[in-house]
Each structure stands twice: as C-alpha cells, then as structure tokens.
Amino acid sequence: MKTTRREFIKISGMTAAGAAIAGTVLGQVQKASESVNENAAEEHEWTRTPTYCEICFWKCAGWVYKNKEGQIKKIIGNVNDHHARGKLCPRGTGGIGAYYDEDRLKKPLIRKVNEEGKQEFVEVEWEEAIDFIAKKMKGIKKKYGAEHLALFIHGAPGKHFEHLFAAFGNENHAEPAYAQCAGPREAGFFATFGVGVGSPEPADMQNSKCIIFIGNHIGENMHNSFVQEVSLAIDNGAKIIVADPRLSTIAAKATHWLPIKPATDMALLLAWMHVLIYDNLYDKEYIDRYAFGFDQLKDHVKNFTPEWASGITTLDPELIRKSAYEMAAAAPSAVIHPGRHTTWYGDDTQRLRAIAIINALLGAWGRRGGMYIGVRKKVPNFPTIKYPHPHWSWKDITKDKYKNAAVGITNVLLDASLPDYPKEHQIKGWFIAGTSFINSIPDRKKIFKAMENQELIVVVDTMPMEMTGYADVVLPETTYLERYDYARDGKNRVAQVAFRMPATEPLYDSKPAWWIARKLGMKLGLNNYYPWRDMEEVLDWQFKQIGSSLEEMKQIGVKTVDSGEDIYLREGEDYEFNTNTGKIELYSTDFAEKGYNPLPTYTKHEEAPPGYYYFVYGRAPMHTFGRTQNNPNLNDLMDTNTVWINPKTAKLWGIENGTEIWLQNQDGIVSEFSTKARVTERIRPDSVYLVHGFGHNRNLLKKAFGKGINDVPLITNIKVDPIMGGTGMRNNFVTFLLEKPVKEEEVES
Amino acid sequence: MRYAMAMDTRKCVGCGDCVVACQTENDVPIGYCRDWIVEAVQGTYPDTVEMHFKSERCNHCDNTPCVRTCPTGASHVIEGGIVKVTPNECIGCGACIVSCPYNARFVHPEGYIDKCTFCDHRVALGQDTACVAVCPTDALIFGDLDDAKSPVSIALKNNDWYVLAPEAGTKPQLYFLK
C-alpha cells in the first residue's frame, strides 16, 4: 500500500491487508502523568489555568498552558477529573484551534438595509447591539407579553441566558440536545427506573463483563471517559456485542457484531427479552425484589422468538440467542448502554424502554459492572429575588400532546413560531446561544417559515455559523478558553465540581455569555436579578457553599466532594424507585394511565423504496456536531465526509472509491454539495452512511465551506415521538446522483 | 538504552488525538504531521470483514537508510536509538524521504526535513512522548527495551506483535500488538 500520509489521515478509507483483531489484550496501561507535564511546563516557564472543555458536552476538566508571552500552547487533561482521567480527546487537545480560528466572530453585528436597499451586517459597538436587543425585547413584551419569546440553547452559555429569561418572565427555553438527541432515553429510563440517564451515562463499563451497544458507535462518538472505560473493559476481557448496520469502530472490536437491518432494533430487543425470560436466564431474585409487571412482560414477549426477529432484522436467530446467553452469563456485570442520540424512528422512547427493561432483566441497574447510581454535589445558585411567574410557558403548549416531555421541545417552540399558530401562544422572537439549530433540527421549510414570523432573532456564538446568517443581531461570544462559566457539577461515581476560568484576555471584541446576559439584563431593568459585579464574585460565593473558594479552585480545577453515598445497591437492600409502584416498572403504569403502550412493542417502519438506501448518519471522533469543522486543528484531521457505500451497491451504480456524488432523498431534496464515495465492506448493501456536521454553506467558515454533504437538509421525513416529542430522523432514504444536478438558483454565497 | 514504541491495534479507535497532541507539543504546522492514522480493512461483508487502526510514525530503526543516505549528516542517531534531523544542517535534498520505507519524513515549510523525534525533549525529563501521554485508550506504549520492566518490554513479552515492512531490513522499533 503506497500513499502519502496526508491522504491516510484525510481519506481514512483505504483497504489494506491487516492483522486479525483479537478480542482481549494484556496490554500495559500507562497513565498520563500530570506532574510530568507540569515539569515540562516549568522547564519552559509556562503557567497553567484550569478549564473544562466546551468542544463537546462531556466537559472534561483540563489545564491550559501558556508560554511566557501569554500564548496558549496546549491543553491537557486533569488527572483528578473523572471525565478526563488525565487525558483529553482529539477535540479537547485541538480545542486550542477554537481560540486561534481566524474566522471567529469579532464584533457585534446588526442587520441593516443599505442605500441600495440590500440587507447587510454592520459592525457595531456592544452598547448599540445590547440597546437594540433590549428595545426589541421590551417591544415584544409590550405588544404580546414576555412569554412570546423563545430561547434556544446548548452548552455552558445556556445557563446565563436561562437566568436572564426567567427574570424577564419567560420559561420558553429548549435545546436540540433533548428533542433531537437524548430525550427518548431520558423518558424511557425514567418510566422504568424512576430516574433518567444523565451525562455521563452511568454505565459501569470499566467493571463490566459484557457491554452491549445498539447503534451506539463508541470511539466514533469520542466521549472521553466512556472511551477510556471501554478500553479498560477490553483489557479485562469483557465481551462486546454491537448491533449496527455498519462495521463501526466498536463493531470491529466486538465479540459479536450483529449487522442489523436499519429500523428493526426493537425486534432484536424483544427477542432478547424472550430468550432471557423463557430460557430462565434473567435475574429472578432481583426481579422478584425490585420489579413490577414481570408476568405482563412475560406474556407480552411470548411470541417474540429469535426466529420471529430474524425475519425482521435479517440476523441469524442463533446469533440472537447466543448473544442473549452471553449477556446473561456476565449478568449482573452486563449493561446495554442507553446510547445518546436516540431520536431515530419516532417510537424511540419505547425502544429505550426496551433497553431499560433488558438492563432490569439482567439485574444490571445499581450493580457493579451494570449501571451505577450516580452521585453529585450541587453547587447552589447565587441568591437573587424570586423570578416573576409567567402567564404561560412551554409546558402549556407541549404537555397535552407530549405528556412525558421533561423540558422544552425545540420543534414545539418552532411550531409555535409559525404565523398560523394560535396568537395567544405564538412566539415572536428568538434568542439563540451556542446552537446553530438550522443544522440540528430537521424540517428546514418549517424553520424558514417560522423565521419569517419573528420580530427579533439574536444569535450568540463564537463562530459565523449558518444560524448567524439569519439573525438580526449577532453577538460574538468568547471561546471557553477566555471566560468564566458556572461550574460543572453533574453526576458521576464520586461527586466532583469542575471549574473554568479565562486562560487569557478575549481575542477581538468578544465577550463572555455571563457578561452579555448581565449587560442585557441591566438594560432591561432587571438589576435586582444581578446583585453581583462579575462571575468571580458569584463563583467565590458558590464555591464557599461547598467548602472551597475561587482561590482554591484556581489551584485545583476540580474539587472532589465525598458524598458518602453508595453507587451500587447493597446485597438485598430495600430500595424504593421513583415510580408509581416504587418498583422498576417493566410494565409502565404511568404510560398505561396516559394512554401510551405500557409495554414496548415492534412497529414496522418504512422501508427503502427501490433504488434508494437507508440513510444512516453518525459521528467522527475528531468533530462535534457541526461546530468544529472550521477549527484549524480538527479540520486538519478530517476536512470532509464521504458517503459509505457497499461494493455490491457501488457496482450497480458504477461508483468507485473516490467517485464524486450528490445525494437525493425520497422527497427529491438534493444535497447542496457533492462529496466522494467511500466504497467499503464495512456497511450493509441496503444502507449508506455519512458523518454528520459537514457541508457548511456559509462562506465565512473558510475552511469548512462547501466541504462534504450536510445530512440535515436530506432529513425531511420526520416521525415525532408521541411520548416526549423528539424528532425521529432515520426514516429517510437516499439515492445517488453522479452528475452535477441542474439548479434553478445558484448557491447563495 | 533502546527506546521503542508499541501500538495496540485492538484498542485504538483512530481518533487522531496522537496527531493533534504531536502538532501542539512540537509546533508542527497545521497541514503537516509527524504521526498519522491508518485504517486497515480486509474481508467482505458481512462474515469476514474486519478493521483495525494503526497510529504510525518514524520507526526509529536500528538500521537507518535515512541516516546512511543523508549527504550532510543532518540525519543522525542519538542516545537510545532516536533518529533525529538537525534543521540547520539539512539542505532539504529529500534523499532520506526516498529511502524511508515508512513514508515518515516530510519537507517542513521552512525547507528542512522533519519527522517524529520520539519527543526526546520530554523523554529526557522522564516523560512519555506527547502521543503516548494523550492517548485516550492507552493504545500507545513507550519505553526502554533494555529495561525488562519497562511498559514496552512487558507489552512485547505478553502479546503477539508485528512490525511494518520487515523485508526492508531496517529493524524498526515501532511494534504493533495484535
């Protein structure tokens, strides 16, 4: 095999002779040594400041190293942090590129009409931008009410704007992270165990003897400690079972790869339940003690045999049976990982219920090697006066329809933003922070229509993402390396609080989210909600409540607070679950009451029409969503996506490795850009695969513009989950165009 | 003293963290790299297809064609068998690039030939190389082969391994665990 290095990294699709992959390893584990890195820093007379990463949601704590001249040189993981374990992933290591990216937003922008009548962005000072927004918000409040705004958020900036909006009298906030991502698993696990999953997922993989992934491509979703735990599990000789239409990275390391037909996972899960129950492999003592509805479940899955599932999933029934025995042999140190992006087919809460039920049958929840019970030390909020009580909120327009929606639903707020929506709950202004949701929420037609109905659109971001192009006002936020934020205090095996501070002065005229929110709050006359001068004052007060201080956190970055709580159930412990029955609900009494199916069942989903292929999308380890493609360091690792096609399918179309192709979906939507085909045995002949996040069409993103195909516009067949409102996005099919499609209009650039 | 690296193909997920960490540690300009990821696929769908990743770099060979072909002595071997290039002695002729069976060398934009140094500046301080220190799956293992207790010695003792292009006779010191 002869090719250059650059090609290897950028086109990681070469077929090569390779060695066989073994299942277990006795390899040595070396730990990254923070003290060693400190020595290096001292050698260079470097200094370091603590942070936690914002390139993805895993929020790994680390240290930012600066040289004598004050330049940021590198970022490394904090060894005391349970998310990082002394290491950052490529995105965290490459987080430095988010700071140095020359295409960053540099000044506040306001959309104005120039002398020729054309709209353009004009650079303004912060004062003018904040004034403009405050006037518009006050105007909307006066005309319609403060409730008629929506806040769309992602990540650390969100909390600052949530506070601002609550003070303004508005609770309409939502994030794509729920209704376009993890929502179904939260609803499914909550209905079963009385507690959601949360992040990081409490799958005790480092102690597990058998780990099961349903389409969850760990390693390609580079969730740091999660990947590290799987590596430890491989060292421990754990069995790995992967159901995926693609030989994903983890499927290639699996004991059993189940190349399942897309959209049939539920049949596999039901068949596993059948085998576990009817072959008496389930944890009888655990089920007797903790579970409700076993008899109903047993009766329900009676006919769901591996042979039945085989006809649906195309999997060998013996493989289904064998994998069920494998997990039972390891139980209770076995776990089906709940996954994260679970909005697939519209019956996703039910599929996640099925996953939760299998974890219960294995006796995994609350058991070592199964799922641990996460603990946390919540950092209290800085005291302010009570928020005003809004006349209505997202709940009033959501809960009738999607009864188990736990937070605001982005797509519901978009519906409410349409001009024909009932006036009493119609949204007339958007405030968007940290999410370019045009590239995460499907159904662009609706988004554009809703956009036209808005009297104000504000976008806060670090980069000129697509969403900023539709804003009336664009506010340049600092990167996470240049700002304070609220501490990270989520659940883990031990309670930890992680701290972020500015490593350096902000570049350009960018400002931290807390500053923007406070400035706007003061302008809106909400001074009483900001009884502090800056985040140092807030954080110092907060840290003192948990026995630390700003000064201490600057030195340690991560504070471990021993909660003394057990993370596993004690032998024979009486445990009351937060469900109607106080038990693990195999049969959901809550769903039964609300008219949803109390037991998960198989629904046949749409199949690919002739000449079309199941459109499967996913992640690459060096990118987060559509946010990082322009990061110079990460763009250098992967600057475009490719369309994965099985050689048999490729042959039918005359497609070869590297052939330039466009994709067209079942509704005739054609991809804006082309990309290269990757012909590979790693995928089913009836499916194609594309890494999400590419195909940016904003030319201000100089490195990412026009590179690759964007999957989101091709997702037009959306099935909404009736239980929690998530948008099922995997009911779409694509075909190939080998010639540049003729377009009526040229691409806007 | 004989430094060597082992790379566990069973654990690597091909994330490229080793590549970014090397770039930031060694000020390698964006667009260039001293280490890189190879994805190896063989077999056919669905029964025999398999895949693994390799993180590759200079093999710091015992028998060094790059040093032999260097007309100026810029390419040289230092203690522990680490192969290095002295930039201001290098005329950028590229003889070493042609002689290397691993395609491990490239022309730095400043005109000299650049490559992996096994982070000798870190190793001198008793640290791991940047790629080893960052690897989230602990798929990279570094150490001294003359020390039977070093992690790399233990890894090679306990696992099956292979090297790249053994037929070239270079005696490479980058071992792939399988």
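Analyst: Axes are lines fitted to C-alpha atoms, for helices over the stretch in contact, and angles run from 0 to 180 degrees between N-to-C directions. Helices are DSSP runs (H or I, at least four residues), numbered from the N terminus. The model is predicted: local features need pLDDT of at least 70 and side-chain atom pairs count only at pLDDT 80 or more, while totals for chains, interfaces and linings use all residues. Residues are numbered from 1 along each chain as its sequence is written, with chains lettered from A and ligands numbered from 1 in the order in which they are written.

User: Why is H12(A) called oblique to H13(A)?

Analyst: Helix H12 (residues 306-313) and helix H13 (residues 317-330) of chain A pack at about 120°, with axes 8 Å apart. Therefore H12(A) is oblique to H13(A), as angles under 35 degrees count as roughly parallel, over 145 as roughly antiparallel, 65 to 115 as roughly perpendicular and the rest as oblique.

User: Which residues of H12(A) and H13(A) meet?

Analyst: Pro306(A), Glu307(A), Ala309(A) and Ser310(A) in H12(A) meet Pro317(A), Ile320(A) and Arg321(A) in H13(A); contact requires C-beta atoms, placed from the backbone, within 7 Å. Four of these residues are nonpolar, one is polar and two are charged (Ala, Val, Leu, Ile, Met, Phe, Trp, Tyr, Cys and Pro count as nonpolar, Asp, Glu, Lys and Arg as charged, the others, Gly among them, as polar).

User: What are the domains of chain A?

Analyst: An automatic or database assignment gives the bounds: domain 1 (181-374 + 575-594) and domain 2 (613-737) of chain A. Their C-alpha centres lie 28 Å apart.

Conventions. Helix = DSSP H or I, 4+ residues; strand = E, 2+ residues; numbered from the N terminus. Contact = placed C-beta atoms within 7 Å.
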